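Below are my notes on the two-chain model you asked me to look over.

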Amino acid sequence: MAKRGGFSRKSSASEEIPSSSMADIAFLLLIFFMVSTVFRKERPVPIDWAQAEATEKIDEKRKNILHLWVDREGQVHINDQLIADGSIAGIVRPLYAENRNLVVAIRGDRDVPYSQINTITEQLKQSGAVRVTFATRIEQRVQRARR
Amino acid sequence: MAILERKERVSDEIPTASMADIAFLLLIFFLTTTVFNEEKGLPIVLPEADQEEVDVSAKNLIFFLVQADGSVVVRRGESEQEQVVSANQIEDLLRAELAANENLIAAIKTAPSAAYRHMIEVLDEVKLAGAERISLQMLE
């Protein structure tokens with residue numbers, strides 16, 4: 001007790017790193033990430049992706065991209081809705097009129113017959129939305145050589 | 001008495017030292033579980049429906065005929081001669097052709113019953129070769 005004088009007390013204050021604000025910093029970061037996260041709106045359709053080595057990143061804003069899914073049975077889905085083959089143009093046309101920068105990303109199953117894809121591209125031509133991407137996954141060279 | 005006083009002083013404050021650990025743990029959890037779904041694919045611009053048909057001279061055309069089983073036949077517009085190639089030869093073949101004629105249009109004609117992936121395979125090769133003018137058609 002004799003050692004606990006006024007002098008030693010003073011030095012004990014600066015002994016530790018001030019960690020009380022650490023929690024505030026961490027929570028601030030946490031809240032920032034939680035608020036800025038955008039959740040995807042649509043449910044993904046289970047498909048086997050086609051692979052391509054020339055796959056490039058599409059530098060377009062999320063709101064300018066319309067996903068058009070073609071599932072294993074060849075059925076077309078737009079915005080979580082099953083679309084009849086003949087009515088694709090009718091659905092895409094108003095969306096394209098609303099947003100001239102629209103890019104249609106065709107996410108087709110790799111085993112769908114080409115006639116189905118052709119029907120879709122023909123419908124898209126009629127709707128005026130001519131900027132299209134065939135969504136693919138990146139393929140590595142090694143994989144390709146084995147094919 | 002002295003011991004009792006000391007005990008009270010320890011429990012005076014809420015322990016906030018671990019708060020930062022909890023917050024960082026949550027933060028790292030969210031950081032690692034977030035998936036950025038960026039758009040990836042092969043972009044192409046389709047011809048517009050009301051566009052007039054343009055006659056292209058045969059020497060500026062090269063056809064890639066994708067058969068139902070996925071095999072590829074190359075037909076040069078001018079000579080009409082056909083040649084069976086494997087998909088991974090297309091890149092080199094087309095690159096050589098493009099070097100000779102930069103106005104060349106690569107037309108991919110796919111059989112209706114061919115799987116989508118065969119068409120993508122050929123389109124991939126054509127893109128890799130650096131072709132700018134690509135046309136997609138269905139094989140009759």
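**Notes on the model**

1. Helix 3 of chain A packs its buried residues against strand 4 (76-78), strand 5 (81-83), strand 6 and helix 4 of chain A. Contact here means that two C-beta atoms, placed from the backbone, lie within 7 Å. Helices (H or I, at least four residues) and strands (E, at least two) are DSSP runs, numbered from the N terminus. The model is a predicted one, in which local features need pLDDT of at least 70 and side-chain atom pairs count only at pLDDT 80 or more, while totals for chains, interfaces and linings use all residues. Residues are numbered from 1 along each chain as its sequence is written, and chains are lettered from A and ligands numbered from 1 in the order in which they are written.

2. Which residues of helix 3 (residues 88-98) of chain A are buried? They are Ile88(A), Val92(A) and Tyr96(A). A residue is buried if 20 or more other C-beta atoms lie within 10 Å of its own, exposed if 12 or fewer, and partly exposed in between, with C-beta atoms placed from the backbone. Seen down the helix axis, the buried residues of helix 3 of chain A fall within an arc of 40 degrees, so they line one face of the helix. The arc is that of the directions from the helix axis to the C-beta atoms. Pro94(A), Ala97(A) and Glu98(A) are exposed, on the face turned away from the buried side.

3. Helix 4 of chain A has 14 residues and reaches 20 Å from its first C-alpha to its last, close to the 20 Å expected at 1.5 Å a residue; the expected span is 1.5 Å times one less than the number of residues. Its buried residues are Tyr114(A), Ile117(A), Ile120(A), Thr121(A), Gln123(A), Leu124(A) and Ser127(A).

4. Two strands pair if DSSP finds at least two bridges between them.

5. Strand 7 of chain A has 5 of its 5 residues buried, so it is largely enclosed by the rest of the structure. Arg131(A), Thr133(A) and Ala135(A) point one way from this strand, and Val132(A) and Phe134(A) the other way. Strand 7 of chain A runs antiparallel to strand 1 (residues 40-45) of chain B, with 5 bridges; Phe134(A) has Leu42(B) as its bridge partner. With strand 6 of chain A, the pairing is parallel over 3 bridges, and Ala105(A) is the bridge partner of Thr133(A).

6. Strand 4 and strand 5 of chain A are antiparallel and joined by 3 bridges, with Val76(A) opposite Ile83(A). The loop between these strands holds Asn79(A) and Asp80(A). Neither is a glycine, yet Asn79(A) has a positive phi of about 50 degrees and Asp80(A) one of about 70 degrees. Most residues other than glycine have a negative phi. Asn79(A) counts as partly exposed, with 14 C-beta neighbours inside 10 Å, and Asp80(A) is exposed, with 12 other C-beta atoms within 10 Å.

7. How many residues does each chain give to the contact? Chain A gives 47 residues and chain B gives 41 residues. On the side of chain A that touches chain B, helix 2 (22-36), strand 2 (56-57), strand 6 (103-108), helix 4 (114-127) and strand 7 (131-135) each supply at least two residues. That side divides into 24 nonpolar, 12 polar and 11 charged residues. Ala, Val, Leu, Ile, Met, Phe, Trp, Tyr, Cys and Pro count as nonpolar, Asp, Glu, Lys and Arg as charged, and the others, Gly among them, as polar.

8. Chain B has 4 helices and 6 strands, in the pattern α-α-β-β-β-β-α-β-α-β along the sequence. Its C-alpha trace spans about 110 × 35 × 30 Å along the principal axes. Buried residues make up 24% of its 140 residues.
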